[in-house]
Amino acid sequence: MPVSPHRRAVTWLLFATFLWAVSFPFVKILYIEQQALLPGASILFLSILLMAARFAMSSVLLLPWVIPQVRGYTRLEWQQGMWLALFGGAGMWLQADALAYTKASTCAFITQGYCVLLPLYHTFRSRKLPGRHTVIAVIMVVIGVGWLSGVKPSELRLGRGEWETLLAAVMFTMQILCLEHPRFQGNRSLAITWIMFSGISLFAIPCSLLLAAQPQDVLTALASPAALGLIAAMAILCSIGAYGLMNRWQGFVSSVEAGLIYCAEPVFTSIIALFLPAMMGVWMGREIENEPLTASLIGGGALVTWAIIILQQKPQTAHSHHPTE
């Protein structure tokens, strides 16, 4: 029996979320390496520098496939790619800056707010309440992500870090909706992915130079095989792999379902952090501890996983998609 496009899309989007989750342990390990290369460097500078290097490298790696087709890119492909760059780049920048003003657990929890914002958007737009399966899945995801991240209701306040993270969640919501917009249904996923990467690079490169204490700090923070190797891995796996799959397959599911699938990211991140940091530490010649297996990982991860399964019981409607490339 052939697998439906919807089921294939769910599988590929879960795999894309897994690839995206790999970036978080990689970033943590990269910062350890870069702070040894450049003591005192701010997390905001290192975050923007990583965006610049990672997406610039991704753009270059895609050139062999892009160059033969770039003259045929349509106006709508350029528009959608630049909108994705704006929303994605702004979201990552806000998220990085927020970490200087709030706890990582709070940031991780609020970032997943798009799983609530997307149903609210469609409710107001259609003036129709979401279905029972969607409501139950959203509630389970919110509880699961909160449990997994360890955030406590008493710790939630609306300071600068929380507001920036909430705005980042809005940007990621817009990014997801941009892939669903009917106007862009005929766009090719490779085209919009490369334009997106190039747009983020054009934004992040000058920002990293402005945030550097001195221009040579940009080169110093990248001046080791370990740092370049980690950035290359993120460019291939977490940018080309994750975004390429998201841009290709998200059109087969609704934006609400896609948002809930992407909320599996903290689950994958926590699982990967059980073994990857120590393995990478051996390769880098540094002692890096794995994160322990906790009840919050088991309980929160189970809730998020079950929420995604519940959503699959909902009757599916047809969705547009990008053509096969």
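Start by selecting Tyr243. Bear in mind that this is a predicted model. Skipping neighbours within four places in sequence, Tyr243 is in contact with Trp20, Phe55, Met92, Gln175, Thr193, Met196, Phe197 and Cys238.

Now widen the selection to the largest nonpolar core, which has 66 residues. Which of its residues touch the most other members? Colour Met92, Tyr243, Leu260 and Tyr262: those are the ones. Then show helix 8, residues 189-211, which gives the most to this core, with 8 residues. Apart from this core lies another one, of 27 residues; pick out Leu30, Ala41, Leu50 and Ile231 among them.

Next, bring up helix 1 (residues 5-37) and helix 10 (residues 225-249). Their axes are 8 Å apart and the packing angle is about 160°. Angles over 145 degrees count as roughly antiparallel, so that is what helix 1 and helix 10 are to each other. Their crossing is left-handed. Colour the contact by class and you get 26 nonpolar, 3 polar and 2 charged residues.

Last stop: helix 11 (residues 255-262) against helix 14 (residues 295-312). Here the angle is about 155°, with the axes 9 Å apart, and that makes helix 11 roughly antiparallel to helix 14. Helix 11 passes helix 14 in a left-handed crossing. To see the contact, show Glu257, Leu260 and Ile261 from helix 11, together with Ile308, Leu311 and Gln312 from helix 14. By class, that contact has 4 nonpolar, 1 polar and 1 charged residues. You have already coloured Leu260, one of the core residues that touch the most other members.

Methods
Residues numbered from 1 in each chain as written. Predicted model: local features only at pLDDT ≥ 70, side-chain atom pairs only at ≥ 80, totals over all residues. Heavy atoms only, no water. Axes fitted to C-alpha atoms, helices over the stretch in contact; angles between N-to-C directions. Helix = DSSP H or I, 4+ residues; strand = E, 2+ residues; numbered from the N terminus. Parallel < 35°, antiparallel > 145°, perpendicular 65-115°, else oblique. Left-handed = near helix turned anticlockwise from the far one by under 90°. Contact = heavy atoms within 4.5 Å. Nonpolar A, V, L, I, M, F, W, Y, C, P; charged D, E, K, R; others polar. Core = buried A, V, L, I, M, F, W, Y, C linked by side-chain atoms within 4.5 Å. Buried < 20%, exposed > 50% of the residue type's maximum accessible area, 1.4 Å probe, protein only.
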